[in-house]
Amino acid sequence: MKSFFHVSDIGDLSKALEEAKQVKETPFAWKHLGENKTIMLVFFNSSLRTRLSSQKAALNLGMNPIVLNIGQDSWKLETEMGVVMDGDKSEHLREAIPVMASYCDIIGVRSFANLKDRDYDYAETVLSQFVQYSGKPVISLESATVHPCQAFADLITIEEHKKTRRPKVVMTWAPHPKALPQAVPNSFAEWMCAADVDFVITHPHGYELDPKFTEGAVIEYDQMKALEGADFVYAKNWSCPGVTDPSQYGQILSKDMGWTVDAAHMAVTNNAFFMHCLPVRRNMIVSDEVIDAPTSLVIPEAANRVVSIQVVMKRMLEELQK
Ligand code: SN0
């Protein structure tokens, strides 16, 4: 695996899930693979789960992790080409990437959407520079438009908890005080469309995700109708993806608290499990009673972040051995 951005990068999903099961059962069985290998984890934005699970997975594989927080531990980096660097950015990615690459074997990058320029974000401008200038395998640790490590962990969690062969999975938009990226819902949709599940997305009008991630999904604007009979409820806020009106890209179109997932929403489901990638705003996205119920999977879901990224790192290390 040269890079990990999309569900297509992992290949056959049932094989990937089987491998995840093995990694979870015997996490230290591949400790030899990472010997004398280094992964550089580069963070342009905050992180809790991604940072810790990536380091843990690397250590499980015997690999050395190096973490760099851009702008805090390092110079502020310029990401745009052709600009006069007379501002506060001291170094360009064009130099910083090959330098970082010379110190490691794999690179993981977290770089959120700026939510100002849709074309800049959807071209994955920062991540593609890492691919172009590093010559190393690159993992998206949530980039402008995707969060594949999260979506893979979500799929593993659904596989572990499903009670029917083909469960109904509903992703619902929920309100949030800030404008958030579409990376998590994009990837969740992309992975669910590829998985063996009935997948429904519900959101207010104007929040339509980019169709390249939602092909095969049912879009239902009536949230209650969407939730009927659900086996898994996946809540997430995202800002306007600008699909129908590009001028609204990155904006908050609704803060309708009627969309907050509460007991009344869960009552129409098939005693569904509740999921969220975290961090979550309690009583905005989900009520306390729903997230604190035994059917809430937020903690096992976060624990599976080690498993998903360990499968990805393991495959990259196996590739490097060839
Ligand atoms: C990020 C997002 O993409 O929605 C990371 C999720 C893994 N979430 C946030 O930035 C939440 C920030 C907040 O203040 O609630």
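# A guided tour of the sheet and the helix packing

Welcome! Start with the open sheet: its five strands run in the order 1-7-6-2-3, and their pairing is parallel. Colour strand 1 (3-4) and strand 3 (64-69), which stand at the edges. Each of these two has a single partner strand, so one of its sides has no neighbour in the sheet. Keep in mind as you look around that this is a predicted model.

Next, select strand 2 (residues 38-43) together with strand 3. The two pair in the parallel sense over six bridges. Which residue of strand 3 does L41 stand opposite? Show both side chains and you will find V67 across from L41.

Now zoom out to the whole protein. Turn the model around: along its principal axes, the C-alpha trace spans about 55 × 50 × 30 Å.

The next stop is helix 12 (residues 298-321), shown with helix 2 (residues 49-60). These helices pack at an angle of about 50°, and their axes lie 8 Å apart. That angle makes helix 2 oblique to helix 12. Their crossing is right-handed.

To see where they touch, select these residues:

- In helix 2: R49, T50, S53, S54, K56, A57, A58 and N60.
- In helix 12: A302, R305, V306, I309, Q310 and M313.

Colour this contact by residue class and you get six nonpolar, five polar and three charged residues.

How do helix 1 and helix 12 cross? Their axes come within 9 Å and cross at roughly 110°. Helix 1 and helix 12 are therefore roughly perpendicular to each other. Here, too, is a right-handed crossing, with helix 1 passing helix 12.

For the last selection, pick out the residues that make this contact:

- From helix 1: K15, A16, E19, A20, V23 and K24.
- From helix 12: N304, V307, Q310, V311, K314 and R315.

By class, the contact of helix 1 with helix 12 holds five nonpolar, two polar and five charged residues. Before you leave, click on Q310 of helix 12: this residue meets helix 2 and also takes part in the contact with helix 1.

Key. Residues are numbered from 1 along each chain as its sequence is written. This is a predicted model: local features need pLDDT of at least 70, side-chain atom pairs count only at pLDDT 80 or more; totals for chains, interfaces and linings use all residues. Side-chain values use heavy atoms; hydrogens and water are left out. Axes are lines fitted to C-alpha atoms, for helices over the stretch in contact, and angles run from 0 to 180 degrees between N-to-C directions. Helices (H or I, at least four residues) and strands (E, at least two) are DSSP runs, numbered from the N terminus. Angles under 35 degrees count as roughly parallel, over 145 as roughly antiparallel, 65 to 115 as roughly perpendicular and the rest as oblique. A crossing is left-handed if the near helix is turned anticlockwise from the far one by less than a right angle, and right-handed if clockwise. Contact means heavy atoms within 4.5 Å. Ala, Val, Leu, Ile, Met, Phe, Trp, Tyr, Cys and Pro count as nonpolar, Asp, Glu, Lys and Arg as charged, and the others, Gly among them, as polar. Two strands pair if DSSP finds at least two bridges between them.
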